[in-house]
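Take a moment with the fold before reading on. The paragraphs below walk through it piece by piece.

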Amino acid sequence: MLPFQTMGEAEASLGRNLTFSETLWFKYSADKSDYFLYCHNTIFLFVFYTLLPLPCAAAELLRSYKIDRFKIQPKVRNNLCRMFKCYKDVMTVFVCAVGPLQLFSFPVVQVIGIRTGLALPSVSEMFWQILVYVLVEDYTNYWLHRMLHCKWGYDKIHRVHHEYTAPIGFAASYAHWAEVLILGFASFLGPLIVPGHMITLWLWMILRQLEAIETHSGYDFPWSPSKYIPFYGGAEFHDYHHFVGGKSQSNFASVFTYCDSLYGTDKGYRYHKEVFGKLREKSGGKYDISMEDLKAE
Ligand SMILES: [Zn+2]
Ligand SMILES: [Zn+2]
């Protein structure tokens, strides 16, 4: 809750007029508690994981050639029933584990100093903070994910996430509740190290959800804006990890490719890309060459 009753008081405190975005923030947040503002993350979690996977799910059900040619594993199809089961299971984990943890973690947010007041952070401040969050998350996720591929971790926890050998957007968070919490810690570590404004935290959580849903979408669209991000792994990179499954020792990173490159865990993927490219060339650019065709070669 802002410590000002009126916009005039806020301007007097800052010694300048409020910017347009600060005026909007004042109008929205002045009478809301910090706890309620923090709870927005939980609302975003449910809303974005419900809405964002829908376009690709619809494309998979409609089976249009125009979209199918971008499907990474075109011969694998998920029906409505399987998609709904995936969504239902994800929501159950959110309701029983992630939501309550977010709601009860508010004291931590207060202690580390996530602020809700004015002035708002500048665009460059938000950019650099989110860049730190992405790098911290990516590096931590790489090692946590790699550890989950040890025999015990895989059999007891990570196996659930790998039930989808050809993932869909809804499967981004389809995992054992313990895995959702373990990898969720990696997302929260950046803000813990470099605390910023609540708006920066919201934006980071939303971007993280967008990224996870895109990499599990099952489609590799050449026009995706993420193609312009240097060292970005994307859908094809993570899809390969799911295709190989439990035995996978490739492509552990969540966002970028450099960790796998640095630690030599992308060799299988690079070999696969090379062979896959040759096979597609031999077939005259057929789009529905599937990964299974590679096994037959
Ligand atoms: Zn894995
Ligand atoms: Zn995955």
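What follows moves from the cores to a helix pair, then to the annotated spans and some backbone details.

This is a predicted model, in which local features need pLDDT of at least 70, side-chain atom pairs count only at pLDDT 80 or more, and totals for chains, interfaces and linings use all residues. Residues are numbered from 1 along each chain as its sequence is written, while chains are lettered from A and ligands numbered from 1 in the order in which they are written.

Start with the largest nonpolar core, which has 32 residues. Such a core is a set of buried Ala, Val, Leu, Ile, Met, Phe, Trp, Tyr and Cys residues joined through C-beta atoms within 7 Å. Buried means that 20 or more other C-beta atoms lie within 10 Å of the residue's own; exposed means 12 or fewer, and partly exposed is in between, with C-beta atoms placed from the backbone. M83, C86, V90, I168, F170, A171 and Y174 touch the most other members. Several helices each supply at least two residues of this core, among them helix 3 (34–51), helix 6 (80–104) and helix 10 (177–193). Helices are DSSP runs (H or I, at least four residues), numbered from the N terminus. Helix 6 gives the largest share, seven residues. Another core, of 16 residues, lies apart from this one and includes V109, V134, L201 and M205.

Now look at V90. Leaving out residues up to four places away in sequence, V90 touches Y49, F170, S173 and Y174. Contact here means C-beta atoms, placed from the backbone, within 7 Å.

V90 also belongs to a helix pair. In helix 3, C39, N41, T42, L45, F46 and Y49 meet V90, F94, V98, G99, Q102 and L103 of helix 6. The two helices pack at an angle of about 165°, with axes 9 Å apart. Helix 3 is therefore roughly antiparallel to helix 6 (an angle over 145 degrees).

UniProt, in an unreviewed entry, places "transmembrane region" at residues 35–62, 90–114 and 188–207. Residues 35–62 are 93% helix and 0% strand, with end C-alpha atoms 42 Å apart. Residues 188–207 are 80% helix and 0% strand, and their end C-alpha atoms lie 13 Å apart.

Finish in the loops. A cis peptide bond, with omega about 5°, joins L118 and A119. A119 sits between helix 7 (106–112) and helix 8 (123–148). R63 is not glycine, yet its phi is positive, near 55°. R63 counts as exposed because it has 11 C-beta neighbours inside 10 Å. F231, in the loop between helix 11 and helix 12, has a positive phi near 65°.

Key
Two residues are in contact if their C-beta atoms, placed from the backbone, lie within 7 Å. UniProt positions are given in the numbering used here, feature names are shortened, and annotations may be inferred rather than shown by experiment. Axes are lines fitted to C-alpha atoms, for helices over the stretch in contact, and angles run from 0 to 180 degrees between N-to-C directions. Angles under 35 degrees count as roughly parallel, over 145 as roughly antiparallel, 65 to 115 as roughly perpendicular and the rest as oblique.
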